[in-house]
Amino acid sequence: MDTVRTVTLKQDQTIKSLVAQQNRSADGTASLGNSREVKLTIKGYEESITVVEGDEFEFGRYEYPDHKQLNLTPYGALECGLSRQHAKMYLLGGRLYIADMGSTNGTYIRGKLLTPAVPTLIRNGDEILLGRMRIRVQF
């Protein structure tokens, strides 16, 4: 059984510095603008979500997801080791980021394990790994 944890994204100077550094060293397309549809490819199926500047979009296993949550249970989330509240995706300054929410089996992007609550830039075409679930991100 998953332990429910709430992780708040830290908006301190360290995080702002990390985000600024990622923006300067971004290879490939990373800009989205203020609102954009993001296509997620999960096990050969496509899901589309709309991300809006300032909003967070959550990934996990939700019994009754709201419009800002994507329930990944139909894609084998439990078998892939997803936590109930696994990761958050959001726009900041027109760029798409992901942050782990303190999940049990971690969130990876470009082969790097994310530190919980620390935002990491997503580039068009990146593959993220939530537990053992691979998701291709396109925008």
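This is a predicted model: local features need pLDDT of at least 70, side-chain atom pairs count only at pLDDT 80 or more; totals for chains, interfaces and linings use all residues.
Colleague: What share of the residues in the protein chain is buried?

Modeller: A residue is buried under 20% relative accessible area, exposed over 50%, and partly exposed in between (1.4 Å probe, protein chains only). Of the 139 residues in the protein chain, 46% are buried.

Colleague: How many helices and strands are there in the protein chain?

Modeller: Both are DSSP runs numbered from the N terminus: helices are H or I with at least four residues, strands are E with at least two. The protein chain has 1 helix and 11 strands. Read from the N terminus, the order is α-β-β-β-β-β-β-β-β-β-β-β.

Colleague: Which strands make up the open sheet, and in what order?

Modeller: Strands of a sheet pair through backbone hydrogen bonds, either parallel or antiparallel. For counting, two strands pair if DSSP finds at least two bridges between them. Here an open sheet of 5 strands has the order β4-β3-β5-β6-β9, and its pairing is mixed. The edges are β4 (69-71) and β9 (120-121), each with a single partner strand, so one side of each lacks a neighbour in the sheet.

Colleague: In what sense does β3 pair with β5, and in what sense with β4?

Modeller: β3 and β5 are antiparallel, with 5 bridges between them. In that pair, F59 stands opposite A87 in β5, and E56 stands opposite Y90 in β5. On the other hand, β3 and β4 run parallel and are joined by 3 bridges. There, E58 stands opposite Q69 in β4. As for cover, 4 of the 5 residues of β3 are buried, so β3 is largely enclosed by the rest of the structure.

Colleague: Which residues touch the most other members of the largest nonpolar core?

Modeller: A nonpolar core is a set of buried Ala, Val, Leu, Ile, Met, Phe, Trp, Tyr and Cys residues joined through side-chain atoms within 4.5 Å. The largest one has 27 residues, and L40 and L72 touch the most other members. At least two residues of this core come from each of β1 (35-42), β2 (45-52), β3 (56-60), β5 (85-92), β6 (95-100), β10 (127-130) and β11 (133-138).

Colleague: Which residues does L40 touch?

Modeller: Contact means heavy atoms within 4.5 Å. Setting aside residues up to four places away in sequence, L40 touches Y45, E46, E47, I49, F59, L70, M89, I135, R136 and V137. One of these, I135, is found in strand β11. I135 counts as buried because its relative accessibility is 0%. Apart from neighbours within four places in sequence, the contacts of I135 include L40, L72, D126 and L130. I135 and E46 are 89 residues apart in sequence, with a C-alpha to C-alpha separation of 9.6 Å. For the protein chain, 53% of the contacts with a separation of 6 or more are between residues 24 or more positions apart.

Colleague: How many salt bridges does a search of the whole structure find?

Modeller: Side chains of opposite charge can pair when their charged atoms come close. A salt bridge is a side-chain nitrogen of Lys or Arg within 4 Å of a carboxyl oxygen of Asp or Glu. The search of the whole structure finds 6.

Colleague: Which residue forms a salt bridge with E46?

Modeller: The partner is K39, with the closest N and O atoms 3.4 Å apart. E46 is exposed, at a relative accessible area of 54%, whereas K39 is partly exposed, at 27%.

Colleague: Where in the chain are D126 and R110, which form a salt bridge?

Modeller: The side chains of D126 and R110 meet at 2.4 Å, N to O. The pair links distant parts of the chain: D126 is in the loop between β9 and β10, and R110 is in the loop between β7 (107-109) and β8 (112-113), 16 residues apart. D126 is buried, with a relative accessible area of 10%; R110 is partly exposed, with 42%. Elsewhere, salt bridges that share partners join E127, R134 and R136 into one network.

Technical notes
Residues are numbered from 1 along each chain as its sequence is written. Side-chain values use heavy atoms; hydrogens and water are left out.
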